[in-house]
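Try each task before you read its solution.

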Amino acid sequence: STPGPDSMMGRSGGTGSQSGAPLRIEQLFAAAACLHAHKPAVVTPDRRLSFGQLRSEAMALAASLRARGLRPGDRIAIVLPNSVEAAVTIWGVWVAGGVVVPVHAALRGEGLQAVLRDAEPRWVITCGELALSCGALREALPGGDPLLVWAPRPGTSCVLPLALGAV
């Protein structure tokens with residue numbers, strides 16, 4: 001039998017999974033996306049993304065990250081302004097098995113370097129304009145690891161890699 005919404009969301013009094021293992025955040029996200037596919041998940045003045053659309057874009061991003069070598073447990077710093085793209089990126093990293101290290105997009109200079117040194121992310125994901133104004137991002141990455149720069153794909157709301165280590 002198919003589990004009901006309560007058991008999928010971990011509200012059955014148990015762990016919410018058939019194996020008895022606790023559900024991971026990406027599993028809860030998948031369940032919510034199935035249950036509420038057409039309901040709004042992210043709303044900004046310019047865009048509205050349903051749970052189904054958010055899941056679809058996060059899955060595409062996760063596949064791209066895995067193809068680029070993301071391994072489960074890799075820490076990925078996300079330096080993006082509050083946006084639909086930030087939501088897609090956060091969920092995409094989680095779905096891919098990465099650990100999200102959120103970094104406030106207004107942080108600059110020594111403060112930014114300190115956060116990135118302490119977090120030791122494998123990658124930093126940011127958008128073009130932040131990467132250009134934040135030379136500290138590359139300098140703060142351990143071992144010269146790549147800086148991922150993201151840009152919206154023309155005609156869609158999905159974000160795709162623009163360049164790996166190009167900034």
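A salt bridge is a side-chain nitrogen of Lys or Arg within 4 Å of a carboxyl oxygen of Asp or Glu. Keep in mind that the model is predicted. A search of the whole structure finds 4 salt bridges.

**Exercise 1.** Show that Arg47 and Glu85 form a salt bridge, and find which parts the pair ties together.

Solution. 
- Step 1: The closest N and O atoms of Arg47 and Glu85 are 2.7 Å apart. The cut-off is 4 Å, so the pair counts.
- Step 2: Arg47 lies in the loop between β1 (40-43) and β2 (48-50), and Glu85 lies in helix α4 (residues 84-96), so the bridge ties together parts 38 residues apart in sequence.
- Step 3: Arg47 has 22% relative accessibility and counts as partly exposed.

**Exercise 2.** Is Asp74 buried or exposed? Which residue is its partner at 3.7 Å?

Solution. 
- Step 1: Asp74 has a relative accessible area of 9%. Buried means under 20%, so Asp74 is buried.
- Step 2: The partner is Arg71, with the closest N and O atoms 3.7 Å apart.
- Step 3: Arg71 is partly exposed, at 46%.

**Exercise 3.** Locate Arg75 and Glu120 in the chain, then classify both.

Solution. 
- Step 1: The two side chains, Arg75 and Glu120, meet in a salt bridge at 3.7 Å, N to O.
- Step 2: Arg75 sits in strand β3 (residues 75-79), while Glu120 sits in the loop between α5 (109-119) and β5 (123-127). The pair links distant parts of the chain, 45 residues apart.
- Step 3: Arg75 is partly exposed at 33%. Glu120 is partly exposed at 48%.
- Step 4: Elsewhere, salt bridges with shared partners join Arg71, Asp74 and Arg122 into one network.

Definitions and conventions. Residues are numbered from 1 along each chain as its sequence is written. This is a predicted model: local features need pLDDT of at least 70, side-chain atom pairs count only at pLDDT 80 or more; totals for chains, interfaces and linings use all residues. Side-chain values use heavy atoms; hydrogens and water are left out. Helices (H or I, at least four residues) and strands (E, at least two) are DSSP runs, numbered from the N terminus. Buried means under 20% relative accessible area, exposed over 50%, partly exposed in between (1.4 Å probe, protein chains only).
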